[in-house]
Every structure is written in C-alpha cells, then in structure tokens.
Amino acid sequence: SYLRCQVAGICSRFPAVLADLGAGKISLCVAGKLAPRLSEKNQHRLLPACHGKTKQEAEIIIAKENPASLGKSPANKTVILPLNEDFFAVRLPMHKNLLAKLQRCAELLGVASMQAQLPELLEKITDIALAAKDPAIKAAKRTARKNPRPSKAEHMIKAVPFLTGIGVGAQQTPP
C-alpha cells in the first residue's frame with residue numbers, strides 16, 4: 001500500500017506519470033522509483049527515459065540522472081534476510097566489473113547459467129578461496145600428505161588377506 005500511496009502522490013504532482021501509467025508506458029514499480037526523484041526540472045528527461053523499462057533498468061537511469069541519490073537508495077545496500085533456518089535471501093548490488101569477474105568464474109567453473117545457478121557458483125568460488133587461504137584447511141592437507149593413503153594394491157592385500165601367499169610363480173601345494 002505504501003507504493004500505491006507514493007505513486008498517487010507523484011501522479012497528483014505530475015499528471016504525465018498518471019497518463020504514462022494508464023497507457024502502460026511505465027509500471028507501478030517504476031513510478032514508485034521515480035516518485036522521490038522526479039522534479040519539475042528533470043520530468044521531461046527522466047519520465048520518457050523510463051518508458052518500457054523494468055524497475056532495475058529505471059533504477060540505473062535514475063542513478064545516472066542523480067548519482068548522489070545512489071548512496072541513499074535502499075536498493076544500493078546489501079541485504080541478507082533469513083528465509084528459514086538453513087536459507088537466506090541476499091540482495092547484493094555490485095559494480096559491473098565484479099559482475100564480469102563472476103561471469104568469468106562461471107565460465108571457468110562450468111556453471112552454465114550464472115543467474116540460475118548463482119548459489120552453486122558462489123559456493124564453488126568460496127570453496128576455492130578457503131582451500132587457498134584457510135589455515136585449518138591448509139593444515140589438514142599437509143597432514144594428509146604426511147600420511148599418504150595406501151596404494152590400491154596394498155589396500156586390496158589388506159582387504160583380501162587369503163590372497164597374500166598367492167602370486168605368479170608361487171609354489172602351490174596339491175590338495
């Protein structure tokens with residue numbers, strides 16, 4: 001209801017917003033994003049620039065128009081919300097350079113669709129970073145190298161002890 005009240009306020013100040021909403025040129029969400037930023041000075045540029053745009057695209061247009069507002073926008077804050085005991089929803093605004101790095105990591109790690117498999121990608125990247133930097137994981141790897149696993153042949157001999165004396169060229173006693 002807050003969004004509708006916000007949009008009603010902007011429609012009373014700028015009738016063109018109401019006309020664009022009625023014509024389907026902008027959505028209710030886009031009008032809500034425009035509400036705190038639209039002014040007499042920028043309405044003739046900003047409103048047409050947002051025609052046919054999604055909420056996220058409109059946020060970018062609005063931020064370009066008024067970069068100082070970007071830092072104040074709740075859309076620019078990282079938000080982590082618990083969904084249940086095991087899962088969280090994360091909203092993470094990022095620079096295009098970081099997005100490009102994530103896309104490159106997805107290619108290198110064989111993640112077909114970064115957007116659809118973002119949790120899987122982030123888990124793989126985190127595992128790689130922890131393996132490289134976490135002292136506890138490094139210590140566990142060193143311990144594993146000091147105590148090597150038995151070879152496959154040694155493992156089979158231990159698993160099947162009655163084969164220990166049998167081999168090629170071994171003397172077999174008649175029954």
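Predicted model: local features only at pLDDT ≥ 70, side-chain atom pairs only at ≥ 80, totals over all residues.
Residues are numbered from 1 along each chain as its sequence is written, and side-chain values use heavy atoms, with hydrogens and water left out.

View 1. Nine helices and two strands make up the secondary structure, where helices (H or I, at least four residues) and strands (E, at least two) are DSSP runs numbered from the N terminus. Along the sequence they follow the pattern α-α-α-α-α-β-β-α-α-α-α. Of the 175 residues, 18% count as buried, buried meaning under 20% relative accessible area, exposed over 50% and partly exposed in between (1.4 Å probe, protein chains only).

**View 2. The largest nonpolar core and Cys50.** A nonpolar core is a set of buried Ala, Val, Leu, Ile, Met, Phe, Trp, Tyr and Cys residues joined through side-chain atoms within 4.5 Å. The largest has 17 residues, of which Ile10, Val17, Ile26, Leu34, Leu38 and Cys50 touch the most other members. Helices α1 (2–13), α3 (28–34), α4 (43–49) and α5 (55–65) each give two or more residues to this core. When residues up to four places away in sequence are not counted, Cys50 touches Lys25, Ile26, Val30, Leu34, Ala58 and Ile61, a contact being heavy atoms within 4.5 Å.

**View 3. Glu59 and Lys33.** Glu59, in helix α5, counts as buried because its relative accessibility is 18%. The side chain of Glu59 makes a polar contact with the side chain of Lys33 at 3.0 Å; such a contact is a pair of N or O atoms within 3.5 Å, of which, within protein, one must be able to donate a hydrogen and the other to accept it, and residues adjacent in sequence count only if both atoms are side-chain atoms.

**View 4. Ile137 in helix α8.** Ile137 lies in helix α8, which spans residues 135–146. With a relative accessible area of 30%, Ile137 is partly exposed. Leaving aside neighbours within four places in sequence, Ile137 is in contact with Leu130 and Ala131.
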